[in-house]
Amino acid sequence: MSDVLERLAQVLEARKEADPSTSYVASLHAKGLNKILEKVGEECTETLLAAKDAEHSGNTRELVYETADLWFHSLVMLSQLGLGPQDILDELASRFDLSGLEEKASRNP
C-alpha cells in the first residue's frame, strides 16, 4: 500500500520544479501554501459531503473519489512543507499498541 503513496510522492516532488503553466502540482506550489491549504479544505468538505451521501444512498464511489482528491492535495501540502507520506506512516506506526485516549493525553497542550 505504501508503494503507491511513495510513487505519488516522487511524482509530486518532480513536478514541484515543472512549469506551472503545464503542471497542476507546479501551479499549486507556485501559488504557495495558502492556495494549497484552500484546496485541502475544499477537498475535505467535498469528502464530508460524499460520506453523508454514502450513508444515505449506500453508494460509496463518490466518497472514494473525493477521499483520493483529499489525500492527493494533502500530499501536495506535505510536499510544500518538506514532508512526505513516510512521515505520516511512521507516525501512524508509532501509535500501534497505544490507545487513542493515551495518545491524545500524551500530546503537548
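From the N terminus on, the elements of the predicted model run α-α-α-α-α-α, with six helices and zero strands in the protein. Helices (H or I, at least four residues) and strands (E, at least two) are DSSP runs, numbered from the N terminus. Residues are numbered from 1 along each chain as its sequence is written. Because the model is predicted, local features need pLDDT of at least 70 and side-chain atom pairs count only at pLDDT 80 or more, whereas totals for chains, interfaces and linings use all residues; side-chain values use heavy atoms, with hydrogens and water left out.

The C-alpha trace of the protein spans about 45 × 35 × 30 Å along its principal axes. Of the 109 residues, 25% count as buried, where buried means under 20% relative accessible area, with a 1.4 Å probe and protein chains only. Among contacts (heavy atoms within 4.5 Å) between residues at least 6 apart in sequence, 57% join residues at least 24 apart.

Helix H3 (residues 33-57) contains 25 residues and reaches 35 Å from its first C-alpha to its last, close to the 36 Å expected; the expected span is 1.5 Å times one less than the number of residues. The buried residues of H3 are Ile-36, Lys-39, Val-40, Glu-43, Thr-47, Ala-50 and Ala-54, and they pack against helix H2 (24-31) and helix H4 (61-80). Gly-58, whose phi is positive, near 80 degrees, follows H3.

Ile-36 also belongs to the largest nonpolar core, together with Leu-5, Leu-12, Val-25, Leu-28, Leu-75, Val-76 and Leu-78. Such a core is a set of buried Ala, Val, Leu, Ile, Met, Phe, Trp, Tyr and Cys residues joined through side-chain atoms within 4.5 Å. Helix H1 (2-16), H2 and H4 each supply at least two residues of this core, and H4 gives the most, with three. Leaving aside its neighbours within four places in sequence, Leu-12 is in contact with Val-25, Phe-72, Leu-75 and Val-76.

The lining of the largest pocket also draws on H4, which provides the largest share, five residues; H4 and helix H5 (85-94) each supply at least two. By class, this lining has 10 nonpolar, one polar and no charged residues. Here Ala, Val, Leu, Ile, Met, Phe, Trp, Tyr, Cys and Pro count as nonpolar, Asp, Glu, Lys and Arg as charged, and the others, Gly among them, as polar. On a 1 Å grid over the protein atoms alone, a pocket is an open set of points where a 1.4 Å probe fits, with protein on both sides within 12 Å along at least five of seven lines, and lining residues have an atom within 4 Å of a point.

Methods: Buried < 20%, exposed > 50% of the residue type's maximum accessible area, 1.4 Å probe, protein only.
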